[in-house]
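Please keep the sequence and the structure in view while reading.

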Amino acid sequence: MVSIKTVAVLGGTGNLGPSIVRQLLSAGFTVTGLTRLTSTNSTPAYPDTVTVHKVDFASFDSLKTAFDGQDAVVSVVGSPGIPAQKLAVDAAIAAGVKRFIPSEFGVNTRKVRDWPIGKILKGKVEVVDYLIEREGEIEWTGLSTGLFFDWGLEKHGLSTINLQGKTSSLVDSGNEKFQVSTLAQVGRAVVKILQRPEETRNKYLVTSSFQASQNEIIKVVEELTGEKYPVVNREKADDLQKAGEEKLAVGDFRAFIDFLRAYNHKDGVGNAVKEEESANGLIGLEYEDLRGSVREWLVKAGVIS
Ligand SMILES: NC(=O)c1ccc[n+]([C@@H]2O[C@H](COP(=O)([O-])OP(=O)(O)OC[C@H]3O[C@@H](n4cnc5c(N)ncnc54)[C@H](OP(=O)(O)O)[C@@H]3O)[C@@H](O)[C@H]2O)c1
């Protein structure tokens, strides 16, 4: 029976990484943080209990040395680091790492090949394809989590809620449900995957905190604040798709946001996680609650107490 105790995290210093590192540490894993030689990133840095190694992500030897003695590698690298993960897979195999979790943590990239958003996620798709190719030599688990709910609310009001202006924006009718996970839930999912190596071996898993529609989010914000957030901006998913294509044609990767909003919110698109697709049950990951997550955001933003 495979048992995973030591975990190397690549790129654990960004938006998502600290949540994963925190959950791994509190579950008792020994965590090593790998940061690029060229990294200027210091906030938020790895916690003091994490051994940190500077690694040349373009060097097989540097990566292999860093992976020696590690049971698992969890890659949380941001977009520019996605293609370099293939070399990390090679080095992990050479170092005898048992499990590789690539930097996925978003839409289900096994499903997006025929979508415009798939053009931008090609790098992620290729890394999972590569892991499948090397399956006899290393085990892997891919994890789709949907949109980071709390992070998205905090940064952009999920492109739905304008907290300052007390207004809302909708794509199509706003009734389509979409897949979301809080940052902490993503960390918990990674922990549960590593604690259940048999059940999660060589699988692409889809988990979430919950599925919600834009209208449900607006309704909860209105209930919790006791104020109205009228819809002042309506967009059509098909127009977003078109705008994304135009941006992509001139190499503007902000197209991703247009594509993502269309992918999540287009009426009838059905990209929310269906019960039979969800791996929450398989890994023993409890769902969270929309109201509780919105409340947390509003308290943090000082809107309610
Ligand atoms: N579902 C969502 O809503 C959502 C939102 C955001 C991100 N994501 C996904 O979550 C994953 C992590 O994203 P993130 O936003 O946390 O990433 P990020 O903050 O942009 O970057 C994470 C870390 O990656 C390392 N990195 C940066 N450039 C690199 C390069 N060229 N080569 C190798 N490493 C590099 C850096 O670590 P060092 O400086 O320590 O080397 C950085 O702190 C990605 O797969 C991303 O697509 C999903």
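This is a predicted model: local features need pLDDT of at least 70, side-chain atom pairs count only at pLDDT 80 or more; totals for chains, interfaces and linings use all residues.

According to the domain assignment of the protein chain, domain 1 consists of residues 6–146 + 181–206, while domain 2 consists of residues 147–180 + 210–269 + 286–299. To the contact between them, domain 1 gives 24 residues and domain 2 gives 22 residues.

The area buried between domain 1 and domain 2 is about 2,000 Å², and carbon and sulfur atoms account for 66% of this area. On the side of domain 1, Trp115, Ile117 and Ile120 supply 28% of the area that this domain buries against domain 2, which is more than any other three residues supply.

On the side of domain 1 that touches domain 2, the elements giving two or more residues are α4 (116–120) and α7 (183–195). The residues of this side of domain 1 divide into twelve nonpolar, nine polar and three charged. Two salt bridges are counted between domain 1 and domain 2. Elsewhere in the listing of charged pairs, glutamate 245 forms a salt bridge with lysine 119, and the closest N and O atoms of this pair are 3.1 Å apart.

## Salt bridges across the structure

A search of the whole structure finds 23 salt bridges. The table sets out some of them, with the distance between nitrogen and oxygen.

| Glutamate | Lysine | N to O distance |
|---|---|---|
| Glutamate 216 | Lysine 177 | 2.7 Å |
| Glutamate 245 | Lysine 119 | 3.1 Å |
| Glutamate 222 | Lysine 228 | 3.5 Å |
| Glutamate 277 | Lysine 274 | 3.9 Å |

For the salt bridge between glutamate 216 and lysine 177, the glutamate lies in helix α8 (residues 214–225) and the lysine in strand β10 (residues 177–181), so the pair ties together parts that are 39 residues apart in sequence. Glutamate 216 is partly exposed, with a relative accessible area of 28%, and lysine 177 likewise counts as partly exposed, at 36% relative accessibility.

In the pair formed by glutamate 277 and lysine 274, glutamate 277 is partly exposed at a relative accessible area of 32%, and lysine 274 is partly exposed at 35%.

Salt bridges can also be joined together, and here Arg99, Glu139, Glu198 and Arg201 are linked in a network of them.

## Residues with positive phi

Phenylalanine 105 has a phi near 55°, a positive value in a residue other than glycine. This phenylalanine is placed in the loop between β5 (99–101) and α4, and with a relative accessible area of 5% phenylalanine 105 is buried.

Asparagine 202, which is not a glycine either, has a positive phi of about 50°. Asparagine 202 lies in the loop between α7 and β11 (203–206), and at 23% relative accessibility asparagine 202 counts as partly exposed.

## Two buried threonines

Threonine 145 is found in the loop between β6 (139–144) and β7 (147–148). Why does threonine 145 count as buried? Its relative accessible area is 1%, and a residue is called buried because that area is under 20%. Leaving aside residues up to four places away in sequence, threonine 145 touches Phe105, Gly106, Gln179, Val180, Ser181, Val186, Thr207 and Ser208.

Threonine 32 lies in strand β2 (residues 30–36), and at 8% relative accessibility threonine 32 counts as buried. The side chain of threonine 32 makes a polar contact with the side chain of glutamine 70, at 3.2 Å. With residues up to four places away in sequence again left out, threonine 32 touches Val7, Ala8, Val9, Val50, Thr51, His53 and Gln70.

How values were computed: Residues are numbered from 1 along each chain as its sequence is written. Side-chain values use heavy atoms; hydrogens and water are left out. Domain bounds come from an automatic or database domain assignment. Contact means heavy atoms within 4.5 Å. Buried area is the accessible area (1.4 Å probe) that two parts lose on being put together, summed over both. A salt bridge is a side-chain nitrogen of Lys or Arg within 4 Å of a carboxyl oxygen of Asp or Glu. Helices (H or I, at least four residues) and strands (E, at least two) are DSSP runs, numbered from the N terminus. Ala, Val, Leu, Ile, Met, Phe, Trp, Tyr, Cys and Pro count as nonpolar, Asp, Glu, Lys and Arg as charged, and the others, Gly among them, as polar. Buried means under 20% relative accessible area, exposed over 50%, partly exposed in between (1.4 Å probe, protein chains only). A polar contact is a pair of N or O atoms within 3.5 Å; within protein, one must be able to donate a hydrogen and the other to accept it, and residues adjacent in sequence count only if both atoms are side-chain atoms.
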